[in-house]
Amino acid sequence: MNYFEELYRKAEKIETKALVVAGAEDEEALKAVEAAVKIDMVYPVLVGNEYEIKRKIEGTVIENARIINADSPEETAEKSVRVISRGEGSVLMKGMIKTATLLKAALNKEWGLRTGNLLSHVAVADVNASDRYIYITDGGMNIKPTVEEKAQIIENAVGLAKSLGVDVPKVACITAVEVVNLQMPETLDCSILSKMNQRGQIKGCVVDGPLGLDNAMDAFAAQVKHVTGEVAGNADILLVPDIHCGNFLGKSVEYFGSGMIAGLIMGARVPIVVVSRADKAESKLASIVLAVLNASGN
Ligand code: COD
């Protein structure tokens, strides 16, 4: 199966974008960048140890790429973010650098990429078991979000889903059970978010919850458990209670199922590609594709 095929075809048609790679010594990231350059999707700015980067790109299609030398992870993060702040890049990508190091730089009050919105991570999964892409959020940035933060996390994921072609995304706030249980405060958050959506406080989508993962994804499971509504069995976006749930759920797509995930931080001045350093080039390329489409306002 070729993952995210439909989105690749869309991205091939749009204007080439400047991609800034923070920690470009990452071989899988470089492979993904090469593949994106071959189809004119991006032109790269590579930030990190100049000697290492030069050695790794020698003889490839990106051997003449602009390189910005940096001697530490913090310097790599700062220089990468500053390139974007100066308006010289449309997409930022995490390479061989810790997520937290790059995100701290993105949040810098003077030269960072804040917009006034919450920044949050969205993993987009392409799985055989589903006829649609599934957006999982937030398994990468906000550790234990409040209910207000969850509302913004939903809005960021909705923005991404819309830019990739989902008109009115269906959002399932998932927990271990599909009923409100006062001993599980996460289920209360889900019911508050559903009501906020009904009252127009969260717009552009349909939110329901609490829902279990099974009855959010599968119509038969919803029917058996007597869970009705537009979202049950048809969810596009899965809002999870905390970073651990989102992280496990995203990784299970690749490690237990035969699927692929792409990952972006939304809510900043530009989309930021954030996938695990252990992810392969295909997943990194898919994330670049999603980011380029989002940056083009598609
Ligand atoms: N969006 C917008 N502003 C934010 C956000 C956000 N998501 N998070 C923090 N801020 C602002 C705060 O309001 C404050 O002004 C400033 O940034 C610093 O806030 P702190 O002190 O809470 O933030 P940090 O710098 O200690 O931590 C921010 C991180 C994103 C680094 C932290 O939340 C983190 O480590 N998240 C997990 C990242 C990770 O390890 N992911 C890997 C799993 S895949």
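**Close-up views of a predicted model**

**View 1. The largest nonpolar core.** Phe4, Leu46, Tyr135, Ile154, Leu193 and Ile288 touch the most other members of this core, which has 62 residues. A nonpolar core is a set of buried Ala, Val, Leu, Ile, Met, Phe, Trp, Tyr and Cys residues joined through side-chain atoms within 4.5 Å; buried means under 20% relative accessible area, exposed over 50%, and partly exposed in between (1.4 Å probe, protein chains only). A second, separate core holds 25 residues, including Leu103, Leu119, Met141 and Ile265. The model is predicted, so local features need pLDDT of at least 70 and side-chain atom pairs count only at pLDDT 80 or more, while totals for chains, interfaces and linings use all residues. Residues are numbered from 1 along each chain as its sequence is written, and side-chain values use heavy atoms, with hydrogens and water left out.

**View 2. Surroundings of Tyr135.** Leaving aside residues up to four places away in sequence, Tyr135 touches Val122, Ala123, Val124, Leu160, Ala161, Leu164, Val166, Asp236, Ile237 and Leu238. Contact means heavy atoms within 4.5 Å.

**View 3. Leu188 in helix H7.** Leu188 lies in helix H7, residues 185-198. Helices (H or I, at least four residues) and strands (E, at least two) are DSSP runs, numbered from the N terminus. Leu188 is partly exposed, its relative accessible area being 32%.

**View 4. The whole protein chain.** The chain has 11 helices and 11 strands. Its C-alpha trace spans about 60 × 40 × 30 Å along the principal axes. Of its 298 residues, 55% are buried. Among contacts with a separation of 6 or more, 67% join residues 24 or more positions apart.
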